[in-house]
Amino acid sequence: MRASSSSSSFFFFFDSVSSSSLVSCALVMALSSSKFLKSYGYDLLLGSIAAFYVFTVPYTKVEESFNVQATHDILYHRHHIDKYDHLEFPGVVPRTFLGALLVSTVASPVILIINLMHFPKLYALFAVRMALGCIVLSTLRLFRLQVRDKFGQQVEAFFVILTTLQFHLLFYCSRPLPNIFALGVVNLAYAFWLKGKFYSALNCLIFATVVFRCDILLLICPLGLELLLTKSITIWGTLKHCIWFALVCIGLTILIDSIFWRRLLWPEFEVFWFNSVLNRSSEWGTHPFHWYFTSALPRSLLAAYPLFLFGVFLDRRVPLFIIPVFSFVLVYSKLPHKELRFIISSVPIFNLSAAIAANRIYNNRGKSYWKLLYFMMLGLLLVSLGCTAITFMASYENYPSGHALRNLHQIGHLANHTKEKWVHIDTFSAMNGISRFCENDFPWRYSKEEGIPLGELVQRNFTYLITEHPAVNGFKCLFTIDGFSKVRFQPGFPPISMVREPKVYAHGNESNEDVINRNWPGCFS
């Protein structure tokens with residue numbers, strides 16, 4: 001009986017201890033989870049949206065072509081520079097390899113696993129874009145933390161809400177554009193600026209200017225002037241801290257890029273000369289002086305656009321941050337060729353001003369005048385959400401040639417695997433969704449040769465064509481891919497619909513057995 005009693009007591013004690021331990025572990029895990037979410041919840045939210053854009057719209061356009069091809073070549077050709085895409089298709093102006101090297105280094109462990117598992121190369125594009133997105137959002141996190149320290153947690157929360165409801169910043173943050181590499185560095189500069197480390201902020205902007213985008217010089221000048229006028233920095237201090245750093249940055253980009261380009265080169269200097277001195281960027285289209293303020297900023301900021309203007313008058317600290325960035329956009333407006341991505345680095349600061357305004361409206365929502373502003377703000381946020389959804393749907397349909405090549409791979413995969421399949425990609429298709437990450441291994445081979453007359457394509461023995469032309473002599477139209485054309489307003493629900501039209505055609509050589517003997521969807525114009 002004693003043995004039985006003591007054994008029962010032992011098991012009761014053990015069960016009690018076990019239960020207590022489990023409860024303690026659960027509490028610890030819950031606390032750890034809550035701490036993790038408190039520290040990284042906003043990052044998970046922003047990162048999830050950016051990842052959604054990566055996986056739903058993975059393909060890239062001509063503006064991204066240099067960096068995406070450079071990243072591919074670094075990962076797959078490594079030191080065999082003679083195989084690199086830029087030697088055959090150098091583009092209008094040279095660009096730096098430093099951004100592509102950074103992204104390739106970060107993504108390389110994932111790429112190694114993808115290669116070992118023999119996954120399609122398109123998976124590597126996902127990994128590369130996710131790596132870039134993580135880099136840019138990590139620098140945005142540093143800026144956001146300084147927003148919290150300087151303006152409070154509620155302002156930080158509204159900063160995240162506004163960023164979440166905007167389309168362009170999170171959509172572009174994973175796209176390998178020179179502007180996005182510069183944005184990552186500019187975010188660091190903003191963080192140092194808010195923290196009071198002014199020379200570090202200037203050095204970040206110098207690095208972004210020298211290496212990625214020479215136009216960031218238009219941000220350095222007004223910011224440096226403001227810091228001098230407010231006696232935050234001195235001329236001697238600026239020379240002491242920044243001159244040597246600028247020389248190091250110039251030396252770094254010349255050293256690395258001269259190796260890859262096989263000539264002595266400072267890429268951003270050539271870009272500066274081409275765009276600013278020769279003013280040849282206008283050959284790619286022009287917009288009126290007011291375009292950034294009447295089109296680009298309203299589309300990129302959405303609800304934050306009126307809010308940021310309101311925020312300037314609500315907090316006396318805000319104008320000190322807005323004036324240099326606003327001046328950057330104002331001076332940039334003098335350049336005839338304009339694109340939204342050129343001023344995307346201004347968005348975080350404008351969002352800060354908007355978040356301060358939103359926070360003030362929210363805190364005073366109980367008062368009669370502010371209550372009206374509060375409901376107006378809620379309406380603006382809903383409109384932002386709707387605009388973001390519409391812009392996303394349009395963007396999803398804006399990479400037709402990427403979808404065309406993927407469909408061709410899927411259908412052609414069932415055909416004869418012993419014969420090479422030559423695919424010719426015309427200039428339009430190469431500019432609208434196709435990169436080297438979209439290519440498959442044997443038996444597929446690809447040509448992007450430019451300037452081939454349509455009548456000569458059949459003589460080149462191409463198996464397939466991905467082209468913008470609906471008919472080509474000697475080839476059968478196999479299928480077509482529709483792309484975004486315009487937005488159409490209509491009565492009823494939904495009030496808006498996407499108008500799509502054929503953009504890219506896949507053709508097959510009429511003398512090829514796979515083309516003749518298989519059933520293809522066909523083309524319907």
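**Salt bridges in the predicted model**

At a relative accessibility of 37%, E420 counts as partly exposed, a class that lies between buried (under 20% relative accessible area) and exposed (over 50%), as computed with a 1.4 Å probe on protein chains only. The structure is a predicted model, in which local features need pLDDT of at least 70 and side-chain atom pairs count only at pLDDT 80 or more, while totals for chains, interfaces and linings use all residues. Residues are numbered from 1 along each chain as its sequence is written, and side-chain values use heavy atoms, with hydrogens and water left out.

E420 takes part in a salt bridge (a side-chain nitrogen of Lys or Arg within 4 Å of a carboxyl oxygen of Asp or Glu) with R445, and the closest N and O atoms of this pair are 3.2 Å apart. The two residues, 25 apart, join distant parts of the chain, since R445 belongs to strand β2 and E420 to the loop between α18 (400-412) and β1 (421-425); helices (H or I, at least four residues) and strands (E, at least two) are DSSP runs numbered from the N terminus. R445 is likewise partly exposed, with a relative accessible area of 36%.

A search of the whole structure finds 17 salt bridges. Among them is the pair of D85 and R436, whose closest N and O atoms are 3.4 Å apart. This pair connects helix α3 (residues 85-88), which holds D85, with the loop between α19 (427-431) and β2 (444-447), which holds R436, across 351 residues. D85 is buried at 5% relative accessible area, and R436 is buried at 13%.

R341, also buried at 13%, pairs with E339 at 2.8 Å between the closest N and O atoms. Finally, D43, R141, R144 and E156 are linked in a network of salt bridges.
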